Amino acid sequence: MKCRRCGAEAVIELPQHRTAFCADCFLHHCRNQVRRSIDSYHMIDNTERPLVAVSGGKDSLAAWDLLLELGYQADGVYLGLGIGEYSDRSGEYARDFARQRDLTLIEIDLATDAGFTIPQAAAQRRTPCSACGLSKRHLLNKIALDHGYRVLVTGHNLDDEAAVLFGNVTRWDLRYLARQQPVLTEQDGFARRVKPLVRLSERDTAAYCVIRGIDYQVEECPLAAGNRHLGYKELLNQMEERTPGAKMDFYNGFQRRMRPLLDSIATKEKGELNPCDQCGSPTTGRLCAFCRLTEQTTKPGRPAESSPR
Ligand code: FES
Ligand code: ZN
């Protein structure tokens, strides 16, 4: 098998693109895919200094590395979730990456900043992944704004996005479908949130890290076992095996064809935002979703609510 770009011996086959690459050309391909996402969705200006949310896993470290390779002066932020040894090791991978490259890594800790950990939230009958997602969205946004970053980068890849899309489609959840975009625009109280890896699969980011010599947390989060999205990923992988490119078509087709229809719903759903009584973050209610989660976890006994952002 020969590399499609230079004719050397290929090291990786990409059936979804009907192609194969040698190591150098594969890295070139990854940079190209990220460049295309950034440009076509207007994710990051050339003059901006993005903040990358790093978990210590392959996707976020690949995202950080790719942005640096593309010439962005990207910094990182790591949020400790308090998931025992898993979090300890994840933090080490993030710190090592930053230390070896002399990069700025901001560190925050859920237990110190909010007074609870994800296992404690889960003990209050919250789904761990929903408490985790909510905490990440809130605290990472806050850190970005507090430190003057306008753009927050996450390592969501094509598999992640296709799985979320699949879940939203099975429920025909128009409100969530309307908000599923590679860019959530900057607005008062919210940094712009961007996902430059939406054109790369999980297999791509793993291969990227191996070729670039990036050490990452290989273990899956112990609290994610049985998570709905892992099931959707398995289903999509089966589809992909039968029809290479199915995942890409599913996600890109949605963004191309459905996005214009959903934009009007997104605008209608926005609602009036006011500052949270407790932390000042924009919210549609009296307390933002994160402050409600904090109350329920640190003062158990209150009913759980959900919030749009
Ligand atoms: Fe968030 Fe596991 S990393 S629940
Ligand atoms: Zn709040």
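A residue is called buried here when its relative accessible area is under 20%, exposed when it is over 50%, and partly exposed in between, using a 1.4 Å probe and protein chains only. In this predicted model, local features need pLDDT of at least 70 and side-chain atom pairs count only at pLDDT 80 or more, while totals for chains, interfaces and linings use all residues. Side-chain values use heavy atoms, leaving out hydrogens and water, residues are numbered from 1 along each chain as its sequence is written, and chains are lettered from A and ligands numbered from 1 in the order in which they are written.

The zinc ion (ligand 2) is coordinated at 2.3 to 2.4 Å by the SG atoms of Cys 276, Cys 279, Cys 288 and Cys 291, where donors are N, O and S atoms within 2.8 Å of the metal (3.2 Å for Na, K and Ca). Because the four donor atoms subtend angles of 105 to 116°, the arrangement around the zinc ion (ligand 2) is tetrahedral, a label that requires four donors with all angles between 85 and 135 degrees. Cys 288 is buried at 5% relative accessibility, as is Cys 291 with a relative accessible area of 8%.

Ring pairs link Phe 166, Tyr 232 and Phe 250 into a cluster; rings of Phe, Tyr and Trp (its six-membered ring) pair if their centres lie within 6.5 Å, with planes under 30 degrees apart counted as stacked, over 60 as edge-to-face and the rest as tilted.

| Residue | Relative accessible area |
|---|---|
| Phe 166 | 21%, partly exposed |
| Tyr 232 | 13%, buried |
| Phe 250 | 25%, partly exposed |

Phe 166 and Phe 250 form an edge-to-face pair, 6.3 Å centre to centre with 70° between the planes.

Notes
Tetrahedral: all angles 85-135°; square planar, octahedral: opposite > 155°, others 65-115°.
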